[in-house]
Amino acid sequence: MERLEALDANSRKQEAEWKEKAIKELEEWYARQDEQLQKTKANNRAAEEAFVNDIDESSPGTEWERVARLCDFNPKSSKQAKDVSRMRSVLISLKQAPLVH
């Protein structure tokens, strides 16, 4: 009977330690998540501000440069099944020599 009581007490003690450890790890996880969220928010705000500034700076003749910045011109990194080399060459030529209105 004493042995069972000792095992039971040891089991409760171990369970309490595990719960404390779990609570501590959960608090650390929440702290890391909150820190990551704050970093992501700051990065998103900076990216949005840069995007808004870029939109506001639309001067004549820079339209194709803005389009070219949004396109991936590296043919090896493209995983598409369709051949887009002709469109890529058209966009590059428009960037280098824009159409005159």
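How many helices and how many strands does the chain have? Three helices, zero strands. Keep in mind that this is a predicted model. Reading from the N terminus, the elements go α-α-α.

Next, burial. The chain has 101 residues, and 5% of them count as buried.

Now to the annotation. UniProt, in an unreviewed entry, marks residues 23-50 as "coiled-coil region". What does the model show over residues 23-50? The chain there is 100% helix and 0% strand. From one end of that stretch to the other, the C-alpha atoms are 41 Å apart.

On to the packing. Two packed helices are described by two values: the angle between their axes and the distance between the axes. Here the pair is helix 2, residues 63-70, and helix 3, residues 85-96. The angle is about 140 degrees. The axes lie 8 Å apart. As for handedness, helix 2 passes helix 3 in a left-handed crossing.

Which residues make the contact? From helix 2, they are Trp64, Glu65, Val67 and Ala68. From helix 3, they are Leu91, Leu94 and Lys95. By type, the contact of helix 2 with helix 3 has five nonpolar residues, two charged and no polar ones.

To recap. The chain runs α-α-α. Residues 23-50 carry the coiled-coil annotation from UniProt, and that stretch is 100% helix in the model.

How values were computed: Residues are numbered from 1 along each chain as its sequence is written. This is a predicted model: local features need pLDDT of at least 70, side-chain atom pairs count only at pLDDT 80 or more; totals for chains, interfaces and linings use all residues. Side-chain values use heavy atoms; hydrogens and water are left out. Axes are lines fitted to C-alpha atoms, for helices over the stretch in contact, and angles run from 0 to 180 degrees between N-to-C directions. Helices (H or I, at least four residues) and strands (E, at least two) are DSSP runs, numbered from the N terminus. A crossing is left-handed if the near helix is turned anticlockwise from the far one by less than a right angle, and right-handed if clockwise. Contact means heavy atoms within 4.5 Å. Ala, Val, Leu, Ile, Met, Phe, Trp, Tyr, Cys and Pro count as nonpolar, Asp, Glu, Lys and Arg as charged, and the others, Gly among them, as polar. UniProt positions are given in the numbering used here, feature names are shortened, and annotations may be inferred rather than shown by experiment. Buried means under 20% relative accessible area, exposed over 50%, partly exposed in between (1.4 Å probe, protein chains only).
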